[in-house]
Amino acid sequence: RSRVSWMAWTKPVAIFFCCVGALLVAMTIWEIRSPTVARKGWLPLTTTRGDRLFIGLLAAAYVNLAWAGLTDLPQWWGAGLSAAAVAAIMRWG
């Protein structure tokens, strides 16, 4: 019996985690090529790109957990909603 057999490793969940990893790599490259400048958006604090990414990923995780736990709808919709939340936080947060 596998140690991770308790987890529902479905295709949408695996794609979500792969996208998070790719996003972290892309943000690292972006930061190296163009250092960030802190700014004030609609979040109640001054943030850098990395701060907004972290907050966005936390929001995406909570949206996905809520989606999986509270609905029987396809996880793709939850992943799409999570991606929209991260995009909004990165752009305007």
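**Exercise 1. Sort the lining residues of the second largest pocket into nonpolar, polar and charged.**

Step 1. The lining divides into 12 nonpolar, 2 polar and no charged residues. Here Ala, Val, Leu, Ile, Met, Phe, Trp, Tyr, Cys and Pro count as nonpolar, Asp, Glu, Lys and Arg as charged, and the others, Gly among them, as polar.

Step 2. Of the 14 lining residues, Phe16, Cys19, Val20, Ala79 and Ala83 lie nearest the pocket's centre. A pocket is an open set of points on a 1 Å grid over the protein atoms alone, where a 1.4 Å probe fits, with protein on both sides within 12 Å along at least five of seven lines; lining residues have an atom within 4 Å of a point.

Step 3. Helix 1 (11-33), helix 2 and helix 3 are the elements that give two or more residues to this lining. The second largest pocket holds about 220 Å³ of space, a volume being the space filled by probe spheres set on the points.

A word on the source: this is a predicted model, where local features need pLDDT of at least 70 and side-chain atom pairs count only at pLDDT 80 or more, while totals for chains, interfaces and linings use all residues. Residues are numbered from 1 along each chain as its sequence is written, and side-chain values use heavy atoms, with hydrogens and water left out.

**Exercise 2. Find the pattern of helices and strands along the sequence.**

Step 1. Count the elements: the protein has 3 helices and 2 strands. Helices (H or I, at least four residues) and strands (E, at least two) are DSSP runs, numbered from the N terminus.

Step 2. Now read along the sequence, and the pattern is α-β-β-α-α.

**Exercise 3. Describe how helix 2 and helix 3 cross.**

Step 1. The axes of helix 2 (residues 49-70) and helix 3 (residues 75-92) come within 8 Å and cross at roughly 160 degrees. Axes are lines fitted to C-alpha atoms, for helices over the stretch in contact, and angles run from 0 to 180 degrees between N-to-C directions.

Step 2. That makes helix 2 roughly antiparallel to helix 3 (angles over 145 degrees count as roughly antiparallel, under 35 as roughly parallel).

Step 3. Residues in contact (heavy atoms within 4.5 Å) include Leu53, Leu57 and Trp67 of helix 2 and Trp77, Leu81 and Ile89 of helix 3. By class, this contact has 14 nonpolar, 5 polar and 2 charged residues.

**Exercise 4. Work out how helix 1 lies against helix 3, and then against helix 2.**

Step 1. Helix 1 and helix 3 pack at about 20 degrees, with axes 10 Å apart. That makes helix 1 roughly parallel to helix 3.

Step 2. Their contact includes Phe16 and Met27 of helix 1 and Trp76 and Val86 of helix 3.

Step 3. The axes of helix 1 and helix 2 come within 11 Å and cross at roughly 175 degrees. These two helices are therefore roughly antiparallel to each other.

Definitions and conventions
Angles under 35 degrees count as roughly parallel, over 145 as roughly antiparallel, 65 to 115 as roughly perpendicular and the rest as oblique.
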